[in-house]
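Work through the exercises below with the sequence and the 3D view open. Try each task before reading its solution.

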Amino acid sequence: MAYIRTETLVDTTPERAWDALRDWGALHERLAAGFVTDTTIDGGDRIVTFGDGSVVRERLVALDESARRLSWSIVDGPYEHHNGSAQVFAESDGRTRFVWIADVLPDALADRTRAMMELGTSAIRRTLEGDRVRGG
């Protein structure tokens, strides 16, 4: 199983970052604009369309308010197994550390998944910092 981790420092408060992360249906607007172009809710799942045109169905596994952590699984896509989580942490300088982790099978998908997560992490930083500039 491949373990992939990305993280970035974001010039926004952990409260704002968590508010955007926990908004399950607004991934394309509040968290990863451009990287994700559409999010549609279908029952408890979300259908996510990425900028490259790929589409996956994600199922919410857990939303932990106190840990500011969200976990999900891709249940309709190229993976035999996928578990993802994202979490925000307060930094001493007032910024936020955003951590995204995925465990995936098959291992052959690790490089593509890592590349997508790196693009996504950059988009998350830009989106959240743009939100701060707009005062959102």
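**Exercise 1.** Find which residues Leu 21 touches, leaving out residues up to four places away in sequence.

*Solution.* Step 1: apply the contact rule, heavy atoms within 4.5 Å. Step 2: list the partners of Leu 21, which are Leu 31, Arg 68, Leu 70, Ala 86, Gln 87, Val 88 and Phe 98.

The model is predicted, so local features need pLDDT of at least 70 and side-chain atom pairs count only at pLDDT 80 or more, while totals for chains, interfaces and linings use all residues. Residues are numbered from 1 along each chain as its sequence is written, and side-chain values use heavy atoms, with hydrogens and water left out.

**Exercise 2.** State how many residues the largest nonpolar core has and which element gives the most to this core.

*Solution.* Step 1: a nonpolar core is a set of buried Ala, Val, Leu, Ile, Met, Phe, Trp, Tyr and Cys residues joined through side-chain atoms within 4.5 Å; buried means under 20% relative accessible area, exposed over 50%, partly exposed in between (1.4 Å probe, protein chains only). Step 2: the largest such core has 33 residues, and Leu 21, Leu 31, Phe 35 and Phe 98 have the most contacts inside it. Step 3: the elements giving two or more residues include β1 (2–10), β6 (81–90), β7 (96–105) and α3 (110–134). Helices (H or I, at least four residues) and strands (E, at least two) are DSSP runs, numbered from the N terminus. Step 4: α3 gives the most, with 6 residues.

**Exercise 3.** Are Arg 46 and Glu 58 buried or exposed?

*Solution.* Step 1: the side chains of Arg 46 and Glu 58 form a salt bridge (2.7 Å, N to O). Step 2: Arg 46 lies in strand β3 (residues 45–50) and Glu 58 in strand β4, so the pair ties together parts 12 residues apart in sequence. Step 3: Arg 46 has a relative accessible area of 4%, so Arg 46 is buried. Step 4: Glu 58, at 5% relative accessibility, also counts as buried.

Note on methods. A salt bridge is a side-chain nitrogen of Lys or Arg within 4 Å of a carboxyl oxygen of Asp or Glu.
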